[in-house]
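The following note sets out some points on the structure shown below. Please read each point with the model at hand.

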Amino acid sequence: MAYPCLLWRADTQEPHQAFCILVVCYLLSLQEWSKAPVCKASGPHADAPVQQAGRRTGQRLRSLGTQARLPQQGHRALSQEMSFRHLLLVLQLSQLLAVTQGKTKTVVVAREGDPATLPCGSSQKAIAYFTWKLPDQTMILQNPRYFLTKVSDQRFSRFNSRTGEWDRGSFPLVINNVKMEDAQSYICEVDNKKMEVELRVFRVTVNPSTRLLEGQSLNVILEYNHLVDNPSIQCKGPRGGTVKRATAIFSVPNLRTQDSGRWTCTVTLNQEERTLTINIFVLGFQKASITAYKSEGESAEFSFPLKIEENARGELRWKAEEASFFQHWVTFSVQNKEVSVQKAADNLKLHMEKTLPISLKIAQVSLQCAGTGNLTLTLDQGTLYQEVNLVVMKVAQHDDSLTCEVRGPVSSNMRLTLKREDQEPRVSKEQKVVQVPAPEAGVWHCLLSDGEEIKIDSKIQAPGSTDVSDQAAPQ
């Protein structure tokens, strides 16, 4: 004779686990009660309740088995008890199987700020009554009498459905402007079925901002809720190169102006990829340094093309070649894209344009001006730096010698040459001063060249010459 084992409600994480437990228990209960006093089961959370139930059942059966001669009424009572327990077992198995087959789970991944569509459909492909709820049975929206009805809860003010899809058997839950706190499970009930949709949300932010200064670092941060598995982010900039992958923070140090443009980032969550674009603007000077080559007495102009949207403060400090320290040449400010000079050196004829781009002009340069300067531009995000160089040449005749001199930062391979017009060079050296004693009458040229490129060409009229084709530089 076989007896069913005592049933219980297993506290399992998945319905199919509880179903397996009950099946095993049922099969064991079909053995002889003397051989199976305790019902064993497998699965999480089930072992202890099964053993306790089995011991109680075994004690009950053993007490019944000690009665050698049972009256007929006792047999009928035992048979009724067995039938009731068999019926209870079948009923619970059928209910559990119905729950297992009737409830499905879907995962939707959305980016914060984007809309998210949680699917729910009917096999009838026609309009039907449905409800959307939270797992705690909090109502979100439904369609009694086939009209959309939403609860008056501020939490769900961004929640809606697409009524135009209802007649096709589709009843989606649409969440506009998704937020991180929206990440959880949602339940759709339709056609006596429950469908669970789990929303997983991620967020991508740029630190410190999408407008950066040259030399700063770009940090693209991936944030996500606890439901997300195996997250990663990789980005590629306009300069191309190797695509970098990171778990939470994608970082690029020491940005250059060439990094301005569209960045493409790929986010991977739960083995699902999402591609997004970020427009990055890197503000900086076009060159690390600029150099002006001028003859003494000429004007020199420095221009700093920048697309400045913010207010800024600027300063140019200068160190002449023969000076031992930097001097303040000019301080200025940029307000509403207008440039105004705060203070300028008295011994220089400096002029700054009032409109952008920033432009500085020296009316007349001299050998004493030649040197190196540093322009600093301070904005809210940080400070930009630009090196400025001025190379000045002077050619003059003293007594019976013609002298050509150059000051300022020049490379070691630059060459200084003195030559009479239409003649071969008289002297050419990699030095900053060259001389020609007792020069012949005529037009003389002093050239500063870098390879084949001539940087400065100054002219002077030697005494006795009557043919001057170009205006001579001041002597």
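1. The model under review is predicted. Of the 475 residues in the protein, 40% are buried. The protein exposes about 26500 Å², and carbon and sulfur atoms supply 47% of that area.

2. The secondary structure consists of three helices and 31 strands. Among the contacts in the protein with a separation of 6 or more, 56% are made by residues 24 or more positions apart.

3. In general, strands of a sheet pair through backbone hydrogen bonds, in either a parallel or an antiparallel manner.

4. How many bridges join S6 to strand S7? Two bridges link S6 to S7 (residues 173-175), and the two strands run antiparallel. Within this pairing, asparagine 160 stands opposite valine 174 in S7.

5. Asparagine 177 lies in the loop between S7 and strand S8 (185-190). The relative accessible area of asparagine 177 is 38%. Buried means under 20% and exposed means over 50%, so asparagine 177 is classed as partly exposed.

6. Which residues does asparagine 177 contact, leaving aside its neighbours within four places in sequence? They are Gly113, Asp114, Pro115, Arg158 and Asp182. Asparagine 177 and aspartate 114 are 63 residues apart in sequence, yet their C-alpha atoms are 5.2 Å apart in space.

Key: Residues are numbered from 1 along each chain as its sequence is written. This is a predicted model: local features need pLDDT of at least 70, side-chain atom pairs count only at pLDDT 80 or more; totals for chains, interfaces and linings use all residues. Side-chain values use heavy atoms; hydrogens and water are left out. Two strands pair if DSSP finds at least two bridges between them. Helices (H or I, at least four residues) and strands (E, at least two) are DSSP runs, numbered from the N terminus. Buried means under 20% relative accessible area, exposed over 50%, partly exposed in between (1.4 Å probe, protein chains only). Contact means heavy atoms within 4.5 Å. Accessible areas come from the Shrake-Rupley method with a 1.4 Å probe; for residues, only the protein chains shown count as cover.
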